[in-house]
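Please look over the structure below and follow it through the paragraphs after it.

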Amino acid sequence: MASSGHDGIQALLAAEQDAQNIVSAARAEKTQRLKQAREEAEREVSAYKTELESRYQQRLKEETGNSGANVERLESETQTKIVEVKKCAASNQAEMVKTLMSMVTTVN
């Protein structure tokens, strides 16, 4: 009879260890997904930034010959667009951090 109780305790300990391993694996997987998402977001931002710079340079080339006023206007427009993009990124940053943190700290 004592052996049966001991076996039951051993089974519970083994089940607890298995559960801990599953939780650890889930956390590691979630961390990896978050890292990949962050890297992908950084690549997208970089690509978008490059595209904006390219379009800016193209417009600058096209309109540079016209007058200095056009250059100033384009620079002003570009700065305005950059500020808008930064504001958009900043407004979404808090929500993204909140979402990422909830994903990291929540185990399904």
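Arg33 and Glu29 are both part of helix H1, where four residues, about one turn of the helix, lie between their positions. In this predicted model, their side chains form a salt bridge, with 3.3 Å from N to O. Arg33 has a relative accessible area of 44%, so it counts as partly exposed. Glu29 is partly exposed as well, because its relative accessible area is 48%.

Side chains of opposite charge can pair when their charged atoms come close. The structure has four salt bridges. One of them joins the side chains of Arg59 and Glu77 at 3.4 Å, N to O. Arg59 belongs to helix H1 and Glu77 to helix H2, so this pair ties together parts that are 18 residues apart in sequence. Arg59 is partly exposed because its relative accessibility is 35%, and Glu77, at 29%, is also partly exposed.

Glu77 has a further partner: the side chains of Arg73 and Glu77 meet in a salt bridge of 2.9 Å, N to O. Arg73 and Glu77 are four residues apart in helix H2, so about one helical turn separates them. With a relative accessible area of 33%, Arg73 is partly exposed.

Lys30 is another charged residue of helix H1, which covers residues 2-64. Does Lys30 lie buried or exposed? Lys30 is buried, yet it has no salt bridge. The nearest side chain of opposite charge is that of Glu29, 9.4 Å away. Apart from neighbours within four places in sequence, Lys30 is in contact with Met103, Val104, Thr106 and Val107.

Helix H2, residues 68-105, also holds Glu84. Glu84 is partly exposed because its relative accessibility is 48%. Along the chain, Glu84 and Ala28 are 56 residues apart, and their C-alpha atoms are separated by 36 Å.

What does the protein chain look like as a whole? The chain has two helices and zero strands. Its radius of gyration is 27 Å, well over the 13 Å that the globule rule gives for 108 residues, so the chain is more spread out than a compact globule. Along the principal axes, the C-alpha atoms fill a box of roughly 100 × 20 × 10 Å. Of the 108 residues, 8% are buried. The accessible surface is about 8,900 Å², and carbon and sulfur atoms account for 57% of that surface. The chain carries 15 positive and 17 negative charges, whose mean positions are 3 Å apart.

Technical notes: Residues numbered from 1 in each chain as written. Predicted model: local features only at pLDDT ≥ 70, side-chain atom pairs only at ≥ 80, totals over all residues. Heavy atoms only, no water. Rg over C-alpha atoms; globule rule 2.2 N^0.38 Å. Buried < 20%, exposed > 50% of the residue type's maximum accessible area, 1.4 Å probe, protein only. Areas by Shrake-Rupley, 256 points an atom, 1.4 Å probe, with all protein chains shown as cover. Lys, Arg positive; Asp, Glu negative; His and termini not counted. Charge placed at Lys NZ, Arg CZ, Asp CG, Glu CD. Contact = heavy atoms within 4.5 Å.
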